[in-house]
Amino acid sequence: MDIVIGRAILALLAQFLSGASSRWYLSQPDTCQRVYFANHTSHLDILVIWASLPAYVRKVVRPVAAKDYWSAGPIRRYIATRLFNALLLERQNVKVHQNPVNTMLEEMGERYSIIIFPEGGRQSSGEVAEFKSGLYYMCKHRPELELIPIYIDNMNRILPRGTYLPVPMLSRVVFGPPLWLEENEKKNDFLARARQAVLDLKGK
């Protein structure tokens, strides 16, 4: 029961702090297995995307987050592991056998969807950086996975890098139409297409 109440409170808090409105553009919320991927500008991005999903969808969506950040202190750790059911990945001292793509696919199983940020880090400028290759290799292993691009607008101004208190402003979370890795599509072509799918949602 504490998890149900905690998740509801966390979702309300996220909406209050970010002033986020959400829109589904040529797609709909669904519990089918998906990879939600978005631009990344703030530590609040995970929380805002997660809170923008309907409660019944949140139950089967696991945000992918940095273990070193979300394990730092009991509050973050509780939010990440108990409320988010987050998939925490090592960013430092990664061993050869700890391939992040394999870890994500194993943790997803046949049930869970995930939220990832293919840029690999926060972009304080608000620009969308080139995507890392992880998204491509996930799709090479699981080409049937439905990919949902997301554009988050204004979060870099609400919680600028290096600050801890949000600045009251409005933000938007736009979920775009699904896409899949095409047969024989090259890595660079796919990553460019996925990045453009995020950029295309700006202003929608």
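This is a predicted model: local features need pLDDT of at least 70, side-chain atom pairs count only at pLDDT 80 or more; totals for chains, interfaces and linings use all residues.
1. Residues are numbered from 1 along each chain as its sequence is written, and side-chain values use heavy atoms, leaving out hydrogens and water.

2. Which residues of α7 and α9 meet? From α7 they are L135, Y136, Y137 and C139, and their partners in α9 are K187, F190, L191 and A194. By class, this contact of α7 with α9 has seven nonpolar, no polar and one charged residues. (Contact means heavy atoms within 4.5 Å; Ala, Val, Leu, Ile, Met, Phe, Trp, Tyr, Cys and Pro count as nonpolar, Asp, Glu, Lys and Arg as charged, and the others, Gly among them, as polar.)

3. Now look at the loop between β7 (171-175) and α9, where E183 sits. E183 counts as exposed because its relative accessibility is 74%; the cut-offs are under 20% for buried, over 50% for exposed and in between for partly exposed, with a 1.4 Å probe and protein chains only. E183 and K140 are 43 residues apart along the chain, and their C-alpha atoms are separated by 9.5 Å.

4. The loop between β7 and α9 also holds N184. The phi of N184 is near 65°, a positive value in a residue other than glycine. With a relative accessible area of 73%, N184 is exposed.

5. L26 has a positive phi too, about 60°, although it is not a glycine. You will find L26 in the loop between β1 (20-24) and β2 (34-38). L26 is exposed, with a relative accessible area of 61%.

6. Is helix α2 (residues 45-52) mostly covered or uncovered? Mostly covered: eight of its eight residues are buried. They are D45, I46, L47, V48, I49, W50, A51 and S52.

7. Q15 and S52 are 37 residues apart in sequence and 8.0 Å apart in space, C-alpha to C-alpha. Leaving aside neighbours within four places in sequence, Q15 is in contact with A20 and A51. At 38% relative accessibility, Q15 counts as partly exposed.

8. Finally, the whole chain. It has nine helices and seven strands, taken as DSSP runs numbered from the N terminus (helices are H or I, at least four residues; strands are E, at least two). Of its 204 residues, 45% count as buried. Among contacts in the chain with a separation of 6 or more, 74% come from residues 24 or more positions apart. The chain exposes about 10700 Å², and carbon and sulfur atoms supply 54% of that area, as given by the Shrake-Rupley method with a 1.4 Å probe.
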